[in-house]
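Open the model in your viewer and keep the selection tool at hand. The stops below follow one another, and each begins with something to select.

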Amino acid sequence: MKKTLPLTLAIILSLGAGAACADSVMPGMDMGGQQAKPGASHQAVGVVKKVDAKAGKITLAHGAVKSLNWPPMTMPFRISRGQAETVRAGQRVNFEFVVSGMDATITKIEPAH
Ligand SMILES: [Cu+2]
């Protein structure tokens with residue numbers, strides 16, 4: 001008993017870890033999509049953390065995205081320069097985006113009230 005318990009625990013722990021990984025193959029955010037139609041756009045609210053209009057990048061701390069099964073997180077999005085120039089760091093925003101492979105691209109963004 002004393003000897004088998006740690007082994008059992010180790011197995012349970014490794015199984016648990018494996019399941020968690022499969023669930024959250026997040027980084028870069030290519031994970032989501034199982035339930036998302038390709039090309040579908042998704043809506044979320046967030047706070048602008050960083051904008052680089054020239055580079056076409058914006059970092060948003062966004063809330064959960066139900067249509068993708070994404071939990072709230074902070075992540076980078078691609079954004080057109082024109083759109084990037086309409087928002088600034090610290091602002092709350094409503095936005096829409098599409099996901100393609102590793103990239104999430106903003107299609108619409110506006111200050112939230
Ligand atoms: Cu995200």
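## Start at an aromatic ring

Select Phe95. With a relative accessibility of 2%, Phe95 counts as buried. Keep in mind that this is a predicted model.

Phe77 is buried, as is Phe95. A search of the whole structure gives four aromatic pairs. In one of them, the ring centres of Phe77 and Phe95 are 5.3 Å apart and the planes stand at 75°, so this pair is edge-to-face. Phe77 belongs to strand 3 (residues 73-78) and Phe95 to strand 4, so the pair ties together parts 18 residues apart in sequence.

The rings of Phe95 and Phe97 have their centres 5.7 Å apart, with planes at 35°, so the pair is tilted. Is Phe97 buried or exposed? Phe97 is buried, and its relative accessible area is 0%.

## Strand 4 and its partners

Show the cartoon and select residues 92-100, which are strand 4. On one side of the pairing list is strand 1 (residues 41-52), which pairs with strand 4 in the antiparallel sense over seven bridges. Strand 5 (residues 103-111) also pairs with strand 4, again antiparallel, over eight bridges.

Asn94 stands opposite Glu110. Glu96 has Lys108 as its bridge partner.

Then go to the turn. Strand 4 and strand 5 form a hairpin, with two residues between them. Select Gly101 there: its phi is positive, about 60°.

## Across to strand 1

Select His42, which sits in strand 1. What is the relative accessible area of His42? The value is 4%, and His42 is buried. Now show side chains. The side chain of His42 makes a polar contact with that of Ser67, at 2.7 Å.

## The copper site

Select the copper ion. Which residues coordinate the copper ion? The donors are His62 (NE2), Met73 (SD) and Met75 (SD), at 1.9 to 2.5 Å. Along the sequence these donor residues follow the spacing H-x10-M-x1-M. Met73 and Met75 are both buried.

## A positive phi in the loop

Select Asn69. This residue is in the loop between strand 2 (57-62) and strand 3. Most residues other than glycine have a negative phi. Asn69 is not a glycine, yet its phi is positive, about 60°. At 53% relative accessibility, Asn69 counts as exposed, since the cut-off is over 50%.

## The nonpolar core

Select Ile58, Leu60, Phe77, Phe95, Phe97, Ile106 and Ile109. These touch the most other members of the largest nonpolar core, which has 20 residues. Strand 1, strand 2, strand 3, strand 4 and strand 5 each supply at least two residues of this core. Nonpolar side chains tend to be buried together in soluble globular proteins.

Centre on Ile58 and leave aside its neighbours within four places in sequence. What is in contact with Ile58? The list runs Val48, Lys50, Val51, Met75, Pro76, Phe77, Ile79, Val87, Ile106 and Ile109. One of these, Met75, is a donor to the copper ion.

## Last stop: Thr86

Select Thr86, in the loop between helix 2 (81-84) and strand 4. Thr86 is partly exposed, at 47% relative accessibility. Its side chain reaches the backbone oxygen of Gln83 at 2.7 Å. Apart from neighbours within four places in sequence, Thr86 is in contact with Gln91 and Ile109.

Finish by selecting the C-alpha atoms of Thr86 and Pro111. These two residues are 25 residues apart along the chain, and their C-alpha atoms are separated by 8.5 Å.

Conventions:
Residues are numbered from 1 along each chain as its sequence is written. This is a predicted model: local features need pLDDT of at least 70, side-chain atom pairs count only at pLDDT 80 or more; totals for chains, interfaces and linings use all residues. Side-chain values use heavy atoms; hydrogens and water are left out. Donors are N, O and S atoms within 2.8 Å of the metal (3.2 Å for Na, K and Ca); water is not among the atoms, so sites may look incomplete. Buried means under 20% relative accessible area, exposed over 50%, partly exposed in between (1.4 Å probe, protein chains only). Two strands pair if DSSP finds at least two bridges between them. Helices (H or I, at least four residues) and strands (E, at least two) are DSSP runs, numbered from the N terminus. A polar contact is a pair of N or O atoms within 3.5 Å; within protein, one must be able to donate a hydrogen and the other to accept it, and residues adjacent in sequence count only if both atoms are side-chain atoms. Rings of Phe, Tyr and Trp (its six-membered ring) pair if their centres lie within 6.5 Å; planes under 30 degrees apart count as stacked, over 60 as edge-to-face and the rest as tilted. Contact means heavy atoms within 4.5 Å. A nonpolar core is a set of buried Ala, Val, Leu, Ile, Met, Phe, Trp, Tyr and Cys residues joined through side-chain atoms within 4.5 Å.
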